[in-house]
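Dear colleague,

I am handing over the structure below, together with some notes on what was found in it. Please look through the sequence and the model first, and then read on.

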Amino acid sequence: METISIGFFSDVFSGSYCAWSFQIGAWSTTIESSMLFTLTMGTGGSISFYYMGRNSPYGSFSFFIDGMNQNLPSTYDYSSGTHGWQYIELDLDSGTHEFEWRTSCGSANYSSEFMVDLIHFQWNN
């Protein structure tokens, strides 16, 4: 069994929808999904967003800037079984940048989940 869900989800930080990816793995197949875009900034600045993510022994979520994993911590509390929204803000240099939010899962017994909301870019004056 494998399940891939990519789309909009109503459990949001702000507004009506957020980007969401949820996967349940297949026995010997790694499943990946991602949201990717490129932006050129004339000056330096920052990117910020809210996220909820859950890793498992065979599943993960990641955020990359220009191919470099930003190593976001899990927001899932395994003792209570609950999620919480986490805010992140990262500095950016001027130039063209590629941003990728990615989930992957490689076992039928585990899943990974990643939700992103309120993505904001700020340019320096």
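**Confidence and overall make-up**

The protein chain has an average pLDDT of 75, and 58% of its residues score at least 70, where pLDDT is the predictor's confidence in each residue on a scale from 0 to 100. This is a predicted model, in which local features need a pLDDT of at least 70 and side-chain atom pairs count only at pLDDT 80 or more, while totals for chains, interfaces and linings use all residues. Residues are numbered from 1 along each chain as its sequence is written, and side-chain values use heavy atoms, with hydrogens and water left out.

Among the elements of the chain, strand β1 (residues 3–9) has the lowest mean pLDDT, 42, whereas strand β6 (residues 68–69) has the highest, 95. Over residues 1–8 the pLDDT is below 50, although this stretch still has 25 contacts in the model beyond near neighbours in sequence; a contact here means heavy atoms within 4.5 Å. Where pLDDT is low, the predicted coordinates should not be read in detail.

The secondary structure comes to zero helices and 11 strands, with helices (H or I, at least four residues) and strands (E, at least two) taken as DSSP runs and numbered from the N terminus. Of the contacts with a separation of 6 or more, 74% are between residues 24 or more positions apart. Buried residues make up 41% of the 125 residues in the chain, where buried means under 20% relative accessible area, exposed over 50%, and partly exposed in between (1.4 Å probe, protein chains only).

**His97 and its surroundings**

His97 lies in strand β10 (residues 95–105), and it counts as buried because its relative accessibility is 8%. Its side chain reaches the backbone oxygen of Asp93 at 2.6 Å. Leaving aside neighbours within four places in sequence, the residues in contact with His97 include Phe37, Met41, Ile65 and Leu92.

**The salt bridge**

How many salt bridges does a search of the whole structure find? The search finds one, a salt bridge being a side-chain nitrogen of Lys or Arg within 4 Å of a carboxyl oxygen of Asp or Glu. The side chains that meet in it are those of Arg102 and Glu100, at 2.9 Å from N to O. Side chains of opposite charge can pair when their charged atoms come close. Arg102 counts as partly exposed because its relative accessibility is 23%, whereas Glu100, at 12%, counts as buried.

With best wishes

Key:
A polar contact is a pair of N or O atoms within 3.5 Å; within protein, one must be able to donate a hydrogen and the other to accept it, and residues adjacent in sequence count only if both atoms are side-chain atoms.
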